[in-house]
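Here are my notes on the model you sent over. I have set them out as numbered points so that you can go through them with the viewer open.

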Amino acid sequence: MWLCPILVAVAMQRLWELWLANRNTRRLLDEGAMEVGANHYSLFIVLHVGWLTALAMFTPLTTVPNAWLLAFYGLLQFGRLWVIATLGRFWTTRIITLPSAPLVHRGPYRFVRHPNYLVASLEIAVLPLAFGQVWIALVWSLANALLVGWRIRIEDRALEGRRQC
């Protein structure tokens, strides 16, 4: 019975992240930050809820996950926490830009321009694969790639001209 506890843990993690992101968003907006590209945000919510729902609906409860892929998914959580810790009060799930804040180039940002998107993209593929759900991994990875590509273009435009830290 691996599926239920894992899906509950992932859902709880996502809810905690939404709470933290909303708190950081409110603080940044109070400081004069602006949100950019809000019209696509709800699509990310639909994507992630649909991903977990598809896993819950189409994966037999008795499925034993691939231990290596499940361990890799667990390692990805350290990458997610590294991103959150590096950005601190600037970490949100929306595109919030505070013009006076420098761009971050430490932590995982030394190696990858958008590490949070990389981690989330890997999660969307790896968790279904751990449970043998190749089609869920493919469909949601494709949808995620389209959304992330759109979002990165918006985010990069919003951050143009900012100084580095």
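Which element gives the most to the nonpolar patch? Helix α3 does, with 3 residues.

1. **Ground rules.** This is a predicted model, in which local features need pLDDT of at least 70 and side-chain atom pairs count only at pLDDT 80 or more, while totals for chains, interfaces and linings use all residues. Residues are numbered from 1 along each chain as its sequence is written, and side-chain values use heavy atoms, with hydrogens and water left out.

2. **The nonpolar patch.** Phe72, Leu75, Phe78, Leu118 and Leu122 make up this surface patch, and together they have about 490 Å² of accessible area. Two or more residues each come from α3 (67-87) and α4 (115-130). Helices here are DSSP runs of H or I with at least four residues, strands are runs of E with at least two, and both are numbered from the N terminus. Patch members have over 30% relative accessible area and no salt bridge; like charges are joined within 9 Å, and nonpolar side chains (Val, Leu, Ile, Met, Phe, Trp, Tyr) within 5 Å. Areas come from the Shrake-Rupley method with a 1.4 Å probe, and for residues only the protein chains shown count as cover.

3. **Leucine 75 and alanine 125.** Leucine 75 is in helix α3 and counts as exposed because its relative accessibility is 56%. Alanine 125, in helix α4, counts as buried at 19%. The classes are buried under 20% relative accessible area, exposed over 50%, and partly exposed in between (1.4 Å probe, protein chains only). Leaving aside neighbours within four places in sequence, alanine 125 is in contact (heavy atoms within 4.5 Å) with Ala137 and Ser141.

4. **Salt bridges.** How many salt bridges does a search of the whole structure find? There are 6, each being a side-chain nitrogen of Lys or Arg within 4 Å of a carboxyl oxygen of Asp or Glu.

5. **Arginine 80 with glutamate 17.** The side chains of this pair meet in a salt bridge at 3.2 Å, N to O. Arginine 80 lies in helix α3 and glutamate 17 in helix α1, so the bridge ties together parts that are 63 residues apart in sequence. Are these two partners buried or exposed? Both arginine 80 and glutamate 17 are buried.

6. **Glutamate 31 with arginine 89.** This salt bridge has an N to O distance of 2.7 Å. Glutamate 31 is in the loop between α1 and β1 (34-36) and arginine 89 in the loop between α3 and β2, so parts 58 residues apart in sequence are tied together. Glutamate 31 counts as partly exposed at 43% relative accessibility, and arginine 89 is also partly exposed, at 38%.

7. **Arginine 113 with aspartate 156.** Here the closest N and O atoms of the salt bridge are 3.1 Å apart. The pair links distant parts of the chain, 43 residues apart: arginine 113 sits in the loop between β2 and α4, and aspartate 156 in helix α5. Arginine 113 is exposed at 58% relative accessibility, whereas aspartate 156 is partly exposed at 21%.

8. **A network to look at.** Salt bridges that share partners join Arg14, Glu17, Arg80 and Glu123 into one network. Glu17 and Arg80 are the pair from point 5.
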